[in-house]
Amino acid sequence: MAKNSYFNENTLDELLEEIKYVYQSDKRPWVIGYSGGKDSTTVVELVYKMLLSLNENERNKNVYIVSSDTLIENPLIKIYLSKMNEALGKAALRDGLPIKSAMVTPKAKNSFWANVIGRGYPTPRMNGSFRWCTDKLKINPSAEYIKDIIREEAEEVVVLLGVRKAESIARKRRIEGRELANRLLNRHETIQDAYVYNPIVELTTEDVWDVLLRLDGGKTPWGTDNSELVSLYADADSGECPFAGIHAGGQTQSCGNSRFGCWVCTVVKEDKSLNGFIRSGHRELIPLAEFRKWLMSIRDIPEYREKKKRNGSIYKDKDGNIGYGPFTWEARKMILSELIKTQQKMNYKLITINELKAIDEIWDDELDLSRRTLVELYEKLTGEQLPWYRYKEPLMDLDTIKELEQLSKKNGVPFDLVRNMILSVYHNKYFSNQRIMKEGIDRLLNQQWLHYDILEEIENENK
């Protein structure tokens, strides 16, 4: 055992007893966040074994196992996680355990592609600024699922997480800061009526792998083999493993330094997990790495970014230059085209039909007077028609749109303003109260980007 191992002073049976004690101490249902990684797998495995040890009448409350699919998961991880969820559900039914497994996803209108391609959100920066993705794609869908459980069960819930103090100093401090004296449960930071229990918080990385590879010879209680998880980590690390583990009577390499994440994540310079898989022989993932690199490369190219925010306001950066806003519509169409081409290369779905529908609706609301751009772009690239292709009627024909663009240019009126006013009138025309339409037009006419030069001049005069 390693010098700081939890099992130097405690046994696995004692850990299982603690988990059983917390489970039986009240009627609050449990929710386990399951990512498919080593830590959350350890939590699920220990809880499953604890439930098996109980008599049927002692299994007095439900255990919900929830996995989050951001819709941009690494394909290898997504396939593995889906398989584990299905196996868990079937095994729990077989064993008569009160386990319910579910996979949550962001709503199509809030997905990564709906925000980037639909609304033009710039991808999150490597320095972590404008990191809108984690909340929208991972935290919010899981939180909504937990709130639904609270409503259904009419009880507070206890959320089990696979966080450990050994993971990092920063995380260790956050965990310790939330601990309540002499208690195993902490209040959830954001969800009312929810508490958090971290059953493996004291385990080291070596301890986690020891549980996964020694317990029952590396077999999970739901009938799978943790050697598959070891292989995923090994491939993600490109076969370079930080320590050796014991597995089923022999010595094998096991890995623990990689974090599985979204294949298109732009917060890190290099996606070590994705590149590790490729170096390990999964060359089918090369198009994903190429697309990710390209997407990062276009983020701050001026011609691809608006010079105003989505609400029409303008800001200056630290150097006094006008800051970038969302991706231009041309850039969004380009990103969608490249994504569909990558999807065809991969022969693997990278964007869902529901996401395409959501993007089409956003474009109809904000950009597209023809109302045909997305469906025709998709048909051109794939040779297939989207289900709603035939129902898309133009708001204006292309000749009229071109004439409006020419008239706007001739009269020095931004076409963006003309287009936005037409769309605003269209969206509000069915309201009997004309004030709604008037207020919508007033908001457009008073946006900062239209009057920025005058406002800046006034500001300079007042200095």
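The following legends describe close-up views of a predicted model.

Side-chain values use heavy atoms, with hydrogens and water left out.

**Figure 1. Overall composition of the protein.** The protein has 17 helices and eight strands; helices (H or I, at least four residues) and strands (E, at least two) are DSSP runs numbered from the N terminus. Of its 463 residues, 49% count as buried, where buried means under 20% relative accessible area, exposed over 50%, and partly exposed in between (1.4 Å probe, protein chains only). The protein exposes about 24,200 Å², of which carbon and sulfur atoms supply 48%; accessible areas come from the Shrake-Rupley method with a 1.4 Å probe, and for residues only the protein chains shown count as cover. Among contacts (heavy atoms within 4.5 Å) with a separation of 6 or more, 68% join residues 24 or more positions apart.

**Figure 2. Strand S2 and its partner strands.** All six residues of strand S2 (residues 63-68) are buried, so the strand is largely enclosed by the rest of the structure. Val63, Ile65 and Ser67 point one way from S2, while Tyr64, Val66 and Ser68 point the other way. Strand S1 (residues 30-33) pairs with S2 in the parallel sense over four bridges, and two strands pair if DSSP finds at least two bridges between them. In this pairing, Gly33 stands opposite Val66. Strand S3 (residues 99-104) also pairs with S2 in the parallel sense, over six bridges, and here Ile65 stands opposite Ser101. The chain crosses from S2 through H3 to S3 in a right-handed β-α-β crossover. S1, H2 and S2 likewise make a right-handed β-α-β unit. A crossover is right-handed if, with the strands pointing away from the viewer, the path from the first strand over the helix to the second runs clockwise.

Figure 3. Thr42 lies in helix H2 (residues 38-53) and is buried, with a relative accessible area of 0%. A polar atom of the Thr42 side chain lies 2.7 Å from the backbone oxygen of Lys38. An α-helix has 3.6 residues a turn, so residues three or four places apart point the same way. Leaving aside neighbours within four places in sequence, Thr42 is in contact with Ile200, Val208, Val211 and Leu212.

**Figure 4. Nonpolar cores and the contacts of Trp30.** A nonpolar core is a set of buried Ala, Val, Leu, Ile, Met, Phe, Trp, Tyr and Cys residues joined through side-chain atoms within 4.5 Å. The largest such core has 95 residues, of which Trp30, Val47 and Trp113 touch the most other members. Helix H3 (residues 75-95) contributes the largest share of this core, nine residues. Apart from it lies another core, of 14 residues, including Tyr64, Val66, Ile150 and Ile191. Beyond neighbours within four places in sequence, the contacts of Trp30 include Ile19, Val47, Met50, Val63, Tyr64, Leu160 and Tyr197.

**Figure 5. Met84 in helix H3.** Met84 lies in helix H3 and is buried, with a relative accessible area of 1%. Not counting residues up to four places away in sequence, Met84 touches Tyr34, Trp222 and Thr224. Met84 and Gly223 are 139 residues apart in sequence and 9.5 Å apart in space, C-alpha to C-alpha.

**Figure 6. Packing of helix H9.** Helix H9 (residues 272-279) has Ser273, Leu274, Gly276, Phe277 and Ile278 as its buried residues. These buried residues pack against H3, helix H8 (227-236) and helix H10 (286-298). H9 is followed by Gly281, whose phi is positive, near 120°.

Figure 7. Asp216 is placed in the loop between helix H7 (205-214) and H8, and its phi is near 55°, a positive value in a residue other than glycine. At 43% relative accessibility, Asp216 counts as partly exposed. Asn347 is placed in the loop between helix H11 (329-346) and helix H12 (353-366). The phi of Asn347 is likewise positive, near 55°, and Asn347 is exposed, with a relative accessible area of 73%.

Note on methods
Residues are numbered from 1 along each chain as its sequence is written. This is a predicted model: local features need pLDDT of at least 70, side-chain atom pairs count only at pLDDT 80 or more; totals for chains, interfaces and linings use all residues. A polar contact is a pair of N or O atoms within 3.5 Å; within protein, one must be able to donate a hydrogen and the other to accept it, and residues adjacent in sequence count only if both atoms are side-chain atoms.
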